[in-house]
Amino acid sequence: MQAITVQDRDAGVRGLTLSELPHPHAAENDVIVEVHAAGFTPGELDWPGTWTDRAGRDRTPSVPGHELSGVVTELGYGTTGLTVGQRVFGLTDWTRNGSLAQYTAVEARNLAPLPADVDHLTAAALPISGLTAWQGLFDHAHLVTGQTVLVHGSAGGVGSIAVQLAHAAGARVIGTGRAGDRETALGLGADAYVDLDAEKLAGVGEVDVVFDVIGGDILERSTALVRPGGTLVTIAEPVTVHPRDGRAVFFVVEPDRARLTELAQRLRDGRLKPIVGAVRPLAETASAFTPAKRVPGKTIIRVTED
């Protein structure tokens, strides 16, 4: 089968190679998925799990990518809850070969059924972004109706979902990003928008929740905006600064079949719309990791034609 592999950690994106690999084996409680569409995170080539297994052993050449939508072709021993021929979407393990391949082995519990009326390209944009936004807003920040949330990167893959979920929950939403993303964020449900290049972040005033996907100086300056009892949540980097009278949380998204199922239902109902920014074939994955032009939303790799 064809897959994108990496073998040299120092090579970075230049080391992404279209390779021929053996068909994957379905271990206990696994399924084999024929991947139709895949998502990736640009920074994952820096993650330890891209290069080593759970025991810390080198596992190169490894296949990156951790979001997928496709069809189950094989069940491992003991696998329940899914069937051969079923459409699914979800997350691959952080320390195993991922989704940028024609076939991949995935723990069944990391996948959810994909409704027939949801296309694979849209579904592949949902697992990491949707689960990250939900877990950050509700599991970690405990956002409730009537509160105010500041969402950084509000036109990006995670931020755009966070804006929609927070708006649907009855929160007041303030988005941030570049000037060109203002209308996108407002169209998704943001009540106000801050151009981080031209407007003062401090002008936002106090908020109950900050959802950060940027890190660095933006994360540090955001701590002053959290009102007493509020929460700053970030996925960008471990927290080194804290709000004076609030909490700061750094987290890594976790698989959740039940939540994926709920997100898919919201998508079907028109209550949620992942932004697919660009669609590229598997052979062009390297250029997708470092695009010449920034595109709002999530870049998706089309692996198999429907």
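Modeller: Buried means under 20% relative accessible area, exposed means over 50%, and partly exposed lies in between (1.4 Å probe, protein chains only). This is a predicted model, where local features need pLDDT of at least 70, side-chain atom pairs count only at pLDDT 80 or more, and totals for chains, interfaces and linings use all residues. Residues are numbered from 1 along each chain as its sequence is written, and side-chain values use heavy atoms, with hydrogens and water left out.

Biologist: Why is Glu-262 called partly exposed?

Modeller: Its relative accessibility is 29%, which falls between the limits of 20% and 50%, so Glu-262 is partly exposed.

Biologist: What makes Arg-259 and Glu-262 a salt bridge?

Modeller: A salt bridge needs a side-chain nitrogen of Lys or Arg within 4 Å of a carboxyl oxygen of Asp or Glu. For Arg-259 and Glu-262 the N to O distance is 2.7 Å, so the pair qualifies. Both residues lie in helix 6, three residues apart, about one turn of the helix.

Biologist: Why does the pair Arg-302 and Glu-305 count as a salt bridge?

Modeller: Their N to O distance is 3.9 Å, which is within 4 Å, so this pair also counts. Glu-305 is called exposed because its relative accessible area is 58%, over 50%.

Biologist: What makes helix 3 largely enclosed by the rest of the structure?

Modeller: Helices are DSSP runs (H or I, at least four residues), and strands are runs of E (at least two), numbered from the N terminus. Ten of the twelve residues of helix 3 are buried, so the rest of the structure largely encloses this helix. Among the buried residues are Val-158, Ile-161 and Leu-165.
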